[in-house]
Amino acid sequence: MALGLSQEAVAERMGVDRAFVSSMERGLQNATLLTIWQIAQALGVRPADLLEEKMSKARS
């Protein structure tokens with residue numbers, strides 16, 4: 001969301017179908033290490049950034 005990308009745009013950058021991205025967001029599809037790498041590349045972040053729990057969320 002921070003990058004203003006749609007599911008379709010993220011999916012295109014990853015080389016997967018939009019439905020796959022939607023399923024991951026809704027927790028219906030598990031992400032493999034390869035998928036996490038592809039998402040990170042598509043968003044221009046480190047894979048660890050996707051797995052890192054923010055302190056404000058952890059304290060809630």
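User: In which helix does Leu51 lie?
Analyst: The model is a predicted one. Residues 47-51 form a helix, and Leu51 belongs to that run. The helix that holds Leu51 is α4.

User: Is Leu51 buried or exposed?
Analyst: The relative accessible area of Leu51 is 59%. A residue counts as exposed over 50%. Leu51 is therefore exposed.

User: What distance separates the C-alpha atoms of Leu51 and Ile36?
Analyst: Along the chain, Leu51 and Ile36 are 15 residues apart.

User: How many charged residues are in the lining of the largest pocket?
Analyst: The largest pocket holds about 660 Å³ of space, and 20 residues line this pocket. The helices α1, α2, α3 and α4 each supply at least two residues of the lining. By class, the lining has 15 nonpolar and 4 polar residues, and the number of charged residues is 1.

User: Which residues lie nearest the centre of the largest pocket?
Analyst: The pocket has a lining of 20 residues. Those nearest its centre are Val10, Glu25, Ile39, Leu43 and Leu50.

User: Are α1 and α2 roughly parallel or roughly perpendicular?
Analyst: Two packed helices are described by the angle and the distance between their axes. The axes of α1 and α2 come within 8 Å and cross at roughly 110 degrees. Angles of 65 to 115 degrees count as roughly perpendicular. Therefore α1 and α2 are roughly perpendicular.

User: Is the crossing of α1 and α2 left-handed or right-handed?
Analyst: The helix α1 spans residues 7-14 and α2 spans residues 18-25. Where α1 passes α2, the crossing is right-handed.

Terms used:
Residues numbered from 1 in each chain as written. Predicted model: local features only at pLDDT ≥ 70, side-chain atom pairs only at ≥ 80, totals over all residues. Heavy atoms only, no water. Helix = DSSP H or I, 4+ residues; strand = E, 2+ residues; numbered from the N terminus. Buried < 20%, exposed > 50% of the residue type's maximum accessible area, 1.4 Å probe, protein only. 1 Å grid on protein atoms, 1.4 Å probe; cavity = no way out; pocket = protein on both sides within 12 Å on 5 of 7 lines; lining within 4 Å. Points joined across faces, edges and corners; volume = space filled by probe spheres on them. Nonpolar A, V, L, I, M, F, W, Y, C, P; charged D, E, K, R; others polar. Axes fitted to C-alpha atoms, helices over the stretch in contact; angles between N-to-C directions. Parallel < 35°, antiparallel > 145°, perpendicular 65-115°, else oblique. Left-handed = near helix turned anticlockwise from the far one by under 90°.
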